[in-house]
Structures are given as structure tokens and as C-alpha cells.
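Biologist: Could you take me through this model, starting with the conventions behind it?

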Amino acid sequence: MRKTTFPKVAATFVVCYAFWILVTWSLAAQELIAGAVVCLAVALFTARFFIHDKGFLLLQPRRLFALIFYCLVVFPGELLRANVNVARRAFQPKIPLNSGIVKVPVHVQSTYGRAMLADSITLTPGTITMECAEDEGQLYYYIHWLDVLEEDPDKAGDMIKGRMEKWVRRIWD
Amino acid sequence: MSIALRIIIDILLVVSCGFALAGVLGMLRMPDVFNRMQTSTIISVFWLLGLMVAGVLFAALVMHSGSAAVKVVLIGLFFVLTAPVVGHAISRAAYISGERPYTPLKPDKYGEDKPYDKEGII
Amino acid sequence: MIELLIAAIFFALLALMLFYRLAFGPTLADRAIAGDAIEMLAATSLLCYALYSGRGIYLDISLVVAILGFIGTLLIAKYLEGSL
């Protein structure tokens, strides 16, 4: 079991406290004190599940900039492209079916990065990550793809992941 | 309220209603579980983003209420964070419990490799 | 602003349409997905009505549904995998 260290508790506390202030939306003294006590208790108990790495990893300027750019520019671009395609498919009188499960190699080291890439692929309509498994030293995603254009793992990976994998590596690795 | 703001909010609402209709129609018409799940992710993402922008504009510029705007943003954020978790879990569970994709000619690498039987699943 | 009320009614009608999948879906996974989608549609319908009527309490309910709603679906998924 992982250990509870001070940076982990501090990072969890900052996240919880920011959430508390956003939800209550008042700066009265009793609200702030009650929030601090509750957030400290929560952080002491859950820090070792919430943070697996160094506590303030994301605050390095390079990673923070990459994260903001990813969330505001790269990911919505991919999303818009795929969304219109799938929505048009649902309105057609006879639905064109061309779906299958493909296997795609992944080159991300950090576990956070793997989770983030899998979630991004799932949120893009048309692709759902089903499993992340290791095969002969290489990590693979099994992806259900609505419109199978390519069966070769590397080419399919380029088509599905697009620009996302490069930015995820820039954020987490 | 200015007329330009109202028109912008109306356009965003109409777009999000259209994507929600596409998602629901897809869920009713697609032939197997996995394809239905694909269209349910349309519902959860694009529809929500249009609605969130409209809601934030309305709450901040018309109602002048900061807390309502923040809550709208938080609702959108939580839906976007939790939707893919449900997607992974249900698709894997449906495959393991015996569902198969509807198109037999297309590749099914997951069934060939069967990683859920092996050790070392991450 | 009446458009928000219309959008709320539209989302509620879409949720009613999904009850077909919930009642007659051939497999358990179908019903789980339909339940999840109905939850999302209900939460956004509440959100539109909250903005229309100006009452903050509906926003709080919608926030709670957004945070806790997916846990039930996750439980069904674990049960289907046989690892519960």
C-alpha cells in the first residue's frame, strides 16, 4: 500500500478546498473554517488513493501550458470532427454498419497519461476503449471502432489517436 | 437583455437539442450494444458542451449570478469526467457476459486475444 | 426567457423515448446504458428549468445527480463481469 506523504495531502487539500469554495460561493469566515476542517480530514484519509505520483507534478509551467492547450484546442478539434460524422450516421434512413474491434499500440509511460488517453478516445464519438492490456512488453488498447477503415495496428492507431497521443505524452511523461 | 445575446443562446440551445436527438435516435435504432454505446457518448459530450456554454452565458450575463454559472460549469465537468468510466466498464462487461459485435466480417481482435482470461491486466 | 423551458421539455421527452430501451432492451447492458442516458437527460432538463425559473435548488439537485449518478451503472458493470 502506498504511503501518505505531506505533498500528497497538501495537493489533495488544495483540490478539495477549491471545490468547496466554488460550490458554497461565499467568503464568510465560518464557511471557510468549516471547509478547511472537513477538507483536511478528507485529504488525510484519501490522499494515497488520489495521488499516485509526485504531488504538484502538474504545476510545472511546461506541463501546465500543455494541459491548458490540450483542453482548449487539441481535444475540441478532434471532438468536432468525429461528432458530426456520427450524428449524421444516426439520422440516415438505413444505418451504415462497419464496426469492429481493433488493437492499437500505445507509447505512454505514465499511468495517468494512459488513463487520460483512454478517456479521450472514449469521449470522441465513434471509438470506445474496451481494455488496456500488455502483450510481449508492448501496451495495447482494444478499441471498438464504429467505422473500421484500417486493420493494421500502427495505421489504425495513427487514425484513431491523431494528435492526442503526442500532447498527452507532453503533459505527463 | 440584448437581442444579440438571446440569438447566440438560442443557436447554442438548438444545436445541443439536435445532437441530443441524434444520440437518442442512435440509441433506439442501432443493432447491437456496442454501437448503441457509441451514440450514447454523443449525448454525453457535444450536447453538454453547447448547453454548458449557453447556460454559463445566461447565468452570468442575464441572471448576474456567479454561483449559478460556476455550478453549471461543474455539472458539465463531472459529466465529462464520469462518462468514459461508464463506457469502459459497460463495454468490457457486455463483452465478457457474452455479447458480440453484430458485424461478423469485421475484425474482432478482442475475442481473438482474450486478454481478460490472462494474468497481468492493468 | 421561454426557450429554456422549451429545451427542458424537449430533453424530458427524449428521456421518455429512452424508456423504450429501458423496458424492452434485449440485454442487461442495454438497460444499464439507457438508465445512464436517462439520468443525464433528466439532470440537464433540471438545469434548464433551474435557469428558467431562477431557483438555485434545482441546480444543486442536478449537481448531485451528475456526481453520484454513474455509480449505479458501475455496480451493474461489475456484476456483469462477475467480479462483484
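Modeller: Two strands pair if DSSP finds at least two bridges between them; helices (H or I, at least four residues) and strands (E, at least two) are DSSP runs, numbered from the N terminus. This is a predicted model, in which local features need pLDDT of at least 70 and side-chain atom pairs count only at pLDDT 80 or more, while totals for chains, interfaces and linings use all residues. Residues are numbered from 1 along each chain as its sequence is written, and chains are lettered from A in the order in which they are written.

Biologist: Which residue of E3(A) is the bridge partner of A:Val104?

Modeller: A:Tyr141 is that partner. Strand E1 (residues 100–106) of chain A runs antiparallel to E3(A), and 7 bridges join them.

Biologist: And how many bridges join E2(A) to E3(A)?

Modeller: There are 8, again in an antiparallel arrangement, with E2 covering residues 127–135 of chain A. A:Glu131 has A:Tyr142 in E3(A) as its bridge partner. The hairpin of these two strands has 2 residues between them, and A:Glu136 takes a positive phi near 55 degrees.

Biologist: Why is E3(A) described as largely enclosed?

Modeller: Because 6 of its 8 residues, in the run 138–145, are buried (20 or more other C-beta atoms within 10 Å of the residue's own, with C-beta atoms placed from the backbone).

Biologist: Turning to chains B and C, how many residues does the contact take from each?

Modeller: Chain B contributes 37 residues and chain C 35, where contact requires C-beta atoms, placed from the backbone, within 7 Å.

Biologist: Which element of chain B gives the most?

Modeller: H3(B), with 16 residues.

Methods
Two residues are in contact if their C-beta atoms, placed from the backbone, lie within 7 Å. A residue is buried if 20 or more other C-beta atoms lie within 10 Å of its own, exposed if 12 or fewer, and partly exposed in between; C-beta atoms are placed from the backbone.
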